[in-house]
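Keep the viewer open as you read.

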Amino acid sequence: SDASSAFDLVVIGSGPGGYVCAIKAAQLGLKVAVVEKRKTYGGTCLNVGCIPSKALLHASEMFEEANHSFAKLGIKVSPELDLPAMLAHKDTTVKQNVDGIAFLFKKNKITGIIGTGRIAAPGAVEVTAEDGSKQTLKTKSICIATGSVVAGIPGLNVAFDGKTIVSSDDAIALPKVPERLVVVGGGVIGLELGSVWQRLGAKVTVVEYLDKILGPTDAEISTQFQKILAKQGMTFHLGAKVTAVESTGSAAKVTFEPAKGGEAQTLEADVVLVATGRKPFTDGLGLDEVGVARDKAGRVEIDAHYKTNVDGIYAIGDVVKGPMLAHKAEDEGVALAEILAGQHGHVNYGVIPSVVYTSPEIASVGLTEEELKAAGTPYNTGKFSFTANGRARAMLHTDGFVKILADKATDKVLGVHIMGFGAGDMIAEAAVLMEFGGSSEDLARTCHAHPTMSEAVREAAFATFAKPIHS
Ligand code: FAD
């Protein structure tokens, strides 16, 4: 064991929360180590989450465009799917990104250690390497950034076999396109990966417990979005409670009944993707032994400065409360590093954008109409459709609209919801506006380049307090 290595900070887990916290802390002059049990750094996001899914979403979207849009643009092609090459593109993208983290660790003089971390005591992290050898790292502070894992279906014991019954971990690497794919869970991950395989030729059926897809998303957007997905060929069973997911060897079956009660139905599929959410991961960390408190959902409890109930032990990212998003984890990582360096780290939880990378994309920041109504806040709504946007027409991407919700009395923007091509990038200007407490008039009076999709954001802002020009 190596007791001489005294660190200011040992981070357990190298996902977007952990690696960003480590880099920021090192930049601020702290001596930092990161412990990661995977063979590569980057956590769920870089290895099996955000990055591989976006590589496949982009590639499959290009395939879809080649099949259905190119001819309208005057390009004749006969596209043919080369799935091994598409998966290789995804693997290369992942490798570039995880190697990038290893490079950044070196550049910032961070000690990266591959092994499983356990908190032996406050100020001591025991690391077990793959060969079983152990070392103990002495440190002033410990950051728990161990993230989340697939949750499964509440109340059901789902027997994932990685072939016929899969989680997102395997759905980013199916060796062939399933003829029939049933997705249990109509949330972000299910709809994104369902879209990938549908574009590549699968017949996709989504079974969702709630009465709407995309849970907390603005209801007007999720209703219209479901129609668009249905036009793309997806089938939906909403308000459906799954009671069994069984493999029959070469295929699988999903049984469900109306959530309100009624007759059960069974669907057969070549692959069933169970995408019903993720749960915080703290197994083997030794939290009970050192007395770190968790809530009912298994999340590590923290105060407003990311400190647990035990001095010197902090937690960030998917393993604590809040939305399970990479950029939320990153921002917490920066804030914690700043706090540990004696600065005033802070995250504005009111302005965390969320994006669904389907076609069209969906992006939102701030409050939904449903939330404003529930809070009794009077608001104005400004909307603008991409069908009236020149650039959207030129690109054959006219699906969707922008909706801005602003305080009735002050015009301060309270929420922005965009469905459309590139919505994930367009939402950034709304986030900046809201971070500065801006009004819809501030946005509308900001010159926007022509012709761009973001002109629709400006037009929706005009529509909030006055009238848009182009409708
Ligand atoms: P994680 O990324 O989960 O990293 C935790 C790391 O800790 C893991 O590498 C794990 O191996 C390691 N670890 C755990 N225990 C130990 C231990 N005892 N010792 C050592 N190491 C340990 N979010 C977005 O914002 N945008 C997206 O587009 C997006 N797409 C997604 C797509 C999919 C398919 C999935 C599954 C998730 C997606 N997410 C997306 C969510 C995003 O991946 C998570 O919010 C993010 O990774 C959380 O970061 P984290 O650092 O908290 O934890």
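**Starting from a glycine**

Gly13 is buried, because 32 other C-beta atoms lie within 10 Å of its own, and 20 or more are enough to count as buried. Keep in mind that this is a predicted model. To find Gly13, look in the loop between strand S1 (6-12) and helix H1. Leaving aside residues up to four places away in sequence, Gly13 touches Gly18, Glu36, Gly43, Ala145, Thr146 and Gly147. There is also Gly112, which is 99 residues from Gly13 in sequence but 10 Å from it in space, C-alpha to C-alpha.

What surrounds the ligand? A shell of 37 residues does, and the closest are Gly13, Gly15, Gly43, Gly147 and Gly317. Several elements each supply at least two residues of this shell: helix H1 (16-27), strand S2 (32-36), helix H2 (43-48), helix H3 (50-68), strand S4 (116-121) and helix H9 (326-340). By type, the shell divides into 15 nonpolar, 18 polar and four charged residues.

Now let's turn to helix H7, residues 219-231. With 13 residues at 1.5 Å each, H7 should span 18 Å, and its end C-alpha atoms are 19 Å apart, so the two agree. Which residues of H7 are buried? They are Ile221, Ser222, Phe225, Gln226 and Leu229. These five cover an arc of only 130° around the axis, which means they sit on the same side of H7. The spacing makes sense: an α-helix has 3.6 residues a turn, so residues three or four places apart point the same way. Among the elements covering the buried residues of H7 are strand S11 (235-237), strand S19 (361-366) and strand S22 (413-420). On the face turned away from that buried side you will find the exposed residues Thr223, Lys227, Ala230 and Lys231. Just after H7, Gly233 takes a positive phi of about 115°.

Finally, step back to see the whole chain. It has 14 helices and 22 strands, and its C-alpha trace spans about 70 × 60 × 50 Å along the principal axes. For 471 residues, a compact globule would have a radius of gyration near 23 Å; the chain has 24 Å, so it agrees with that expectation. Of those 471 residues, 45% count as buried. Among contacts with a separation of 6 or more, 65% join residues 24 or more positions apart.

Key. Residues are numbered from 1 along each chain as its sequence is written. This is a predicted model: local features need pLDDT of at least 70, side-chain atom pairs count only at pLDDT 80 or more; totals for chains, interfaces and linings use all residues. Helices (H or I, at least four residues) and strands (E, at least two) are DSSP runs, numbered from the N terminus. The radius of gyration is taken over C-alpha atoms; the globule rule is 2.2 Å times the number of residues to the power 0.38. A residue is buried if 20 or more other C-beta atoms lie within 10 Å of its own, exposed if 12 or fewer, and partly exposed in between; C-beta atoms are placed from the backbone. Two residues are in contact if their C-beta atoms, placed from the backbone, lie within 7 Å. A residue is near a molecule or strand if its C-beta atom, placed from the backbone, lies within 6 Å of it. Ala, Val, Leu, Ile, Met, Phe, Trp, Tyr, Cys and Pro count as nonpolar, Asp, Glu, Lys and Arg as charged, and the others, Gly among them, as polar. The expected span of a helix is 1.5 Å times one less than its number of residues. The arc is that of the directions from the helix axis to the C-beta atoms.
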